[in-house]
Amino acid sequence: MNIEISEIANLPSRFGDFKVIVFKEGCKEHLVIFKEQLDEIPIVRVHSECLTGDAIGSLKCDCRDQLEHALKLASKTNGMVIYLRQEGRNIGLLNKINAYALQDIGLNTIEANHQLGFAADERTYEIVVRVLNHFNISKIKLLTNNPKKIDSLSGIEIVERIPIIMKSNPHNEDYLNVKKEKMGHLL
């Protein structure tokens, strides 16, 4: 895996003062947001990009709420957020919007992805291990509900899984139920 790594820069934010670094993997540029003095066993959130949720505040998902919660927690506990450029469970923005259109006519998120020729979840997490190795981190407290993330971090000891449960709304209740019942998310 050919990875290009940026310099470290300051990122003052409304969630706290962070450091940032980018790991470029092919055409994907993943952002790592972290406190300068990481805890010995830091809380780490692996967050996949969701433009509609993270930036625009879509109510169809809980992504923005999860991201903001993770940034607040990282600031408070000297942790890290690894922001992966894997829009729409790694099917890209165009296909994500096409999946949204299929959901608008009654398909669930998995059925929509399948209709478009994709697996329910196309994301991968090898870069996360590379990021953690770069920081000499071998043990983490993982902030996740997704068992696939837990299983994919080979060589990293997950000493604790911390749930990240956000309040549902009328627009994302069915989506969250599908994640729990059909994708095995620990909600």
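**Nonpolar cores and aromatic contacts**

The largest nonpolar core of this predicted model holds 22 residues, and Val32, Met80, Ile82, Val128, Leu132 and Phe135 have the most contacts inside it. A nonpolar core here is a set of buried Ala, Val, Leu, Ile, Met, Phe, Trp, Tyr and Cys residues joined through side-chain atoms within 4.5 Å, where buried means under 20% relative accessible area (1.4 Å probe, protein chains only). Two or more residues come from each of β3 (16–25), β4, β5 (43–48), β6 (80–84), α6 and β7; helices (H or I, at least four residues) and strands (E, at least two) are DSSP runs numbered from the N terminus. Helix α6 gives the largest share, five residues. Apart from this core lies another, of 16 residues, including Phe15, Ile33, Ala70 and Ile164.

Turning to the rings, a search of the whole structure finds one aromatic pair. The ring centres of Phe34 and Phe135 are 4.8 Å apart with planes at 70 degrees, so the pair is edge-to-face (Phe, Tyr and six-membered Trp rings pair with centres within 6.5 Å; planes under 30 degrees apart are stacked, over 60 edge-to-face, the rest tilted). Phe34 belongs to β4 (residues 28–34) and Phe135 to the loop between α6 (126–134) and β7 (139–143), so this pair links parts of the chain 101 residues apart. Both Phe34 and Phe135 are buried.

Residues are numbered from 1 along each chain as its sequence is written. Local features need pLDDT of at least 70 and side-chain atom pairs 80 or more, while totals for chains, interfaces and linings use all residues, and side-chain values use heavy atoms, without hydrogens and water.

Technical notes
Buried means under 20% relative accessible area, exposed over 50%, partly exposed in between (1.4 Å probe, protein chains only).
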